[in-house]
Number of protein chains: 2
Amino acid sequence: MGRRRVTLADVAKATGVSTTTVSLVLAGRGAELRISDDVQRRVRSTAQELGYRRNTLSVGLRTGHTQTIGFVSDTVASSLLAGNMIKGAMEAAHQRGFMLFCGESGGDPDVERALVEAMHDRRVDGIIFAAMYTRTVAVPEGLDDGPAVLLNALPAAYSSVPSVLPDEVEAGRAAARILVDAGHREGVHLVGAGPGLDDVPPNSIAARERLIGMRQVFDAAGVEVVSAHQCPKWMPEDGYDTTREILRHHRPRALVCLNDRLAFGAYQALAEAALSVPDDVSVVSYDDHPIASWVRPRLTTIALPHHELGAKAVEVLFAASERRRRAKSAPVVHRVPMSVQLGASVRNVSAPSRQSGDRASVHAHKTK
Amino acid sequence: MGRRRVTLADVAKATGVSTTTVSLVLAGRGAELRISDDVQRRVRSTAQELGYRRNTLSVGLRTGHTQTIGFVSDTVASSLLAGNMIKGAMEAAHQRGFMLFCGESGGDPDVERALVEAMHDRRVDGIIFAAMYTRTVAVPEGLDDGPAVLLNALPAAYSSVPSVLPDEVEAGRAAARILVDAGHREGVHLVGAGPGLDDVPPNSIAARERLIGMRQVFDAAGVEVVSAHQCPKWMPEDGYDTTREILRHHRPRALVCLNDRLAFGAYQALAEAALSVPDDVSVVSYDDHPIASWVRPRLTTIALPHHELGAKAVEVLFAASERRRRAKSAPVVHRVPMSVQLGASVRNVSAPSRQSGDRASVHAHKTK
DNA sequence: CGGCTGCGCTAAATCGTGTTAGCTTCCCAG
DNA sequence: CTGGGAAGCTAACACGATTTAGCGCAGCCG
């Protein structure tokens with residue numbers, strides 16, 4: 001029940017020493033300041049016995065360190081990305097005895113500022129400012145009053161705040177390489193962005209960099225992308241509509257969808273058109289959203305390293321706190337590699353032996 | 001940059017009054033304690049001018065209130081439920097100037113205890129202990145050292161901690177009513193739980209209560225459920241396998257899937273069997289997972305009120321803090337209603353006019 | 001002229017911890 | 001016998017707010 005908590009003074013009195021001594025012993029500075037082994041033992045044992053726990057508020061007030069990190073995101077709900085990034089951050093933080101303050105701005109700059117202020121009021125040791133899809137963000141005023149990191153985002157204007165991002169260019173290369181390695185040279189279409197590097201959703205870094213990476217590999221392999229289609233929203237419906245549009249004019253051999261939800265929509269349209277994945281059309285996409293493993297056949301997708309991103313952000317934050325004591329250094333961009341998740345949605349068209357996902361069933365269309 | 005924050009003393013000195021006065025004025029107790037209007041004005045204006053913000057740590061140390069709530073969940077990553085509950089809680093908390101500490105236990109009782117302790121160390125004003133799927137939980141030791149609420153969970157043993165849960169029984173009735181109202185009397189199958197009330201995933205409250213609700217309505221309408229199938233995991237693959245199993249022996253007219261992911265798997269199996277939703281088979285499910293609106297036709301589903309659950313938990317927590325000052329009252333279970341999300345996956349088989357989802361396309365199977 | 005009352009404000013204690021400066025006691029060398 | 005140093009601990013202040021008790025002053029009354 002609401003029993004009063006045990007304080008340092010309680011432990012001191014019970015042990016028969018001063019609070020100073022208890023404080024020193026429990027901070028591990030006993031030896032350094034010549035507290036006898038006997039007293040140290042007694043202090044520790046009574047502290048344990050009384051169930052003493054230090055009051056973090058008090059420590060924070062005195063030392064300025066609260067063992068706490070603020071995590072401000074734009075939206076947590078709409079995407080699993082958020083959950084996993086937070087989880088990664090929480091685990092990394094928890095490992096060092098830190099806790100996370102979580103706040104969601106909904107993308108509203110006023111709320112962003114308010115959250116950053118509220119966190120500074122609580123004297124967090126640093127703030128992670130996260131975007132739920134990789135994009136440029138306006139750094140809120142006051143963010144750099146303390147150590148800070150942008151997660152999954154780059155600053156829109158110049159800023160001294162470091163960033164942690166997925167390595168999207170390399171991901172682009174990886175996706176293209178999968179198709180090229182599987183022998184695909186013709187009938188490749190892009191769903192979600194392109195053909196130009198600016199034909200991407202607003203502020204989207206992911207789309208642009210993926211396009212860059214893909215172009216590198218496709219150009220080198222002599223692959224010409226037949227058509228590319230920008231979609232503003234990257235939802236299944238957009239993938240569905242776009243794929244139907246493609247099918248109206250072409251007979252595609254491979255689709256690169258800029259995320260898994262688009263790919264899901266593409267699956268639906270292909271099924272309606274009685275085209276089989278991967279026998280008729282190979283599909284590659286990005287993100288490794290849960291849906292990627294739910295569809296049949298499973299998608300081959302380049303995974304967003306949600307968890308690692310969150311953990312890396314915490315790591316960078318700690319490094320920044322260290323560095324802060326010395327000089328202010330230039331902003332840094334940290335890239336976290338994205339890994340290939342192999343599904344059965346790509347068919348090797350060069351190999352003689354048929355190598356599609358073995359029992360993979362397909363969707364087909366029954367006309368009204 | 002790291003400029004020293006403005007303190008109460010700074011404001012006091014700049015105004016030419018004592019810190020007491022400033023504190024009283026800013027706490028709104030100026031009138032009550034007879035501070036002249038003139039001084040009040042001056043205090044407020046210099047505070048504003050200097051950009052004074054109170055140090056929450058200090059206030060917390062002095063008053064015992066930190067304007068902070070702890071949110072401990074078992075898993076945040078695997079389900080969107082989590083994100084939305086947290087979001088609901090965050091918004092409700094933010095409205096009253098509170099922030100949320102977030103922690104994830106991964107279901108490990110040791111971690112749970114550690115998190116609860118860490119939050120009490122930071123002197124949170126209350127703790128929300130949340131489960132990501134509705135179930136019974138062991139209340140961690142120390143949770144009731146302060147105000148606390150179980151979210152989406154009931155205590156396994158007796159506990160004085162109140163609970164906030166979705167109204168699953170009513171949801172069960174709603175799902176059954178949808179089919180009954182649409183004229184379905186025969187060929188109804190359950191995917192995910194049943195036939196007995198104990199044929200449910202371990203500790204699952206949702207499954208059991210949904211079964212209860214459905215049984216009430218089906219019994220009253222004289223509907224006999226043809227078959228019911230417990231699935232341990234409620235993932236798409238389980239829905240797929242179960243539906244194939246059903247199709248081996250029956251020709252179903254309606255499926256009730258105990259969540260949307262199961263329903264998604266069912267869609268896949270039905271498509272393979274060249275059965276159309278809803279023309280051949282109606283499908284109803286639970287949760288309103290994003291997938292429900294991505295499939296074609298959209299699922300009719302009973303929505304989990306994630307957001308409201310989170311908000312309600314905060315509300316109950318505040319009420320508990322109030323009540324705590326008086327007597328300890330009996331534990332309470334709060335139920336939050338679940339709403340019907342209409343899709344196009346149910347066909348009215350009684351009405352003369354055909355009333356299926358108009359342009360809804362269907363999945364069919366192309367045999368190898 | 002002294003005492004009482006009400007007004008407007010402040011001194012000082014307090015919350016729980018960290019930290020600096022210094023106090024006592026003992027030992028030993030000079 | 002005395003001075004110096006080390007060992008082992010503690011007193012006291014600081015962190016930034018809240019809160020209780022009460023101070024000085026003016027005015028009024030008897």
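A residue counts as near a strand if one of its heavy atoms lies within 4 Å of it. Keep that cut-off in mind, and remember that the model on your screen is predicted.

**Stop 1: DNA strand C**

Select DNA strand C and show the protein around it. Now colour the DNA atoms within 4 Å of the protein: 51% of them belong to sugar or phosphate, and the rest belong to bases.

Next, zoom in on some polar contacts. Pick A:Tyr52, where a polar side-chain atom sits 2.6 Å from a phosphate oxygen of DNA strand C. Then pick A:Arg54, which has a side-chain N or O atom 3.1 Å from a phosphate oxygen of DNA strand C. For a contact with a base, go over to chain B: a polar side-chain atom of B:Thr20 is 2.9 Å from a base nitrogen of DNA strand C.

Which elements give two or more residues to the surface near DNA strand C? They are H2 and H4 of chain A, together with H2 and H4 of chain B. H4(A) gives the most, with four residues. Colour this surface by class and you will find eight nonpolar, ten polar and six charged residues.

**Stop 2: DNA strand D**

Now select DNA strand D. It is surrounded by 24 residues, and the closest are A:Thr21, B:Leu8, B:Ser23, B:Ser58 and B:Arg62. Of the atoms of DNA strand D that come within 4 Å of the protein, sugar and phosphate make up 51%.

- A:Ser18 has a polar backbone atom 2.9 Å from a phosphate oxygen of DNA strand D.
- B:Arg54 places an N or O atom of its side chain 3.0 Å from a phosphate oxygen of DNA strand D.
- B:Asn55 has a backbone N or O atom 3.1 Å from a phosphate oxygen of DNA strand D.

Show the helices again. Helix H2 (19-26) and helix H4 (56-63) of chain A, with H2 and helix H4 (56-63) of chain B, each supply at least two residues of the surface near DNA strand D. Which of the elements gives the most to this surface? That is H4(B), with four residues. By class, the surface near DNA strand D has eight nonpolar, ten polar and six charged residues.

**Stop 3: helices of chain B**

Stay with chain B and select helix H1 (residues 8-15) and helix H2 (residues 19-26). Their axes come within 8 Å and cross at roughly 105 degrees, so H1(B) is roughly perpendicular to H2(B). Show side chains at the contact: H1(B) brings B:Leu8, B:Ala9, B:Val11 and B:Ala12, while H2(B) brings B:Thr19, B:Val22, B:Ser23 and B:Leu26. This contact has six nonpolar and two polar residues, and no charged ones.

H2(B) and H3(B) pack at an angle of about 85 degrees, with their axes 10 Å apart, so H2(B) is roughly perpendicular to H3(B). B:Thr21, B:Val22, B:Val25 and B:Leu26 of H2(B) meet B:Val39, B:Gln40, B:Val43, B:Arg44 and B:Ala47 of H3(B). The classes here are six nonpolar, two polar and one charged.

**Stop 4**

Go to A:Leu100, in strand S2 (residues 99-104) of chain A. Is A:Leu100 buried or exposed? With a relative accessible area of 1%, A:Leu100 is buried. Beyond its neighbours within four places in sequence, A:Leu100 contacts residues of chain A, including A:Ile69, A:Phe71 and A:Met90, as well as B:Leu100, B:Phe101 and B:Cys102. A:Phe71 is 29 residues away along the chain, and its C-alpha atom is 6.5 Å from that of A:Leu100.

Next comes A:Arg135, in strand S3 (residues 126-137) of chain A. A:Arg135 is buried, with a relative accessible area of 15%. Among its contacts beyond four places in sequence are A:Asp74, A:Asn152 and A:Asn203.

Finish at B:Ala174, in helix H7 (residues 168-181) of chain B. B:Ala174 is buried too, at a relative accessible area of 10%. Leaving out residues up to four places away in sequence, B:Ala174 touches B:Ile302 and B:Val340. Draw a line from B:Ala174 to B:Val340: they are 166 residues apart in sequence, and 7.4 Å apart from C-alpha to C-alpha.

Key
Residues numbered from 1 in each chain as written. Chains lettered and ligands numbered in written order. Predicted model: local features only at pLDDT ≥ 70, side-chain atom pairs only at ≥ 80, totals over all residues. Heavy atoms only, no water. Axes fitted to C-alpha atoms, helices over the stretch in contact; angles between N-to-C directions. Parallel < 35°, antiparallel > 145°, perpendicular 65-115°, else oblique. Contact = heavy atoms within 4.5 Å. Nonpolar A, V, L, I, M, F, W, Y, C, P; charged D, E, K, R; others polar. Polar contact = N/O pair within 3.5 Å; in protein donor to acceptor, adjacent residues only side chain to side chain. Buried < 20%, exposed > 50% of the residue type's maximum accessible area, 1.4 Å probe, protein only.
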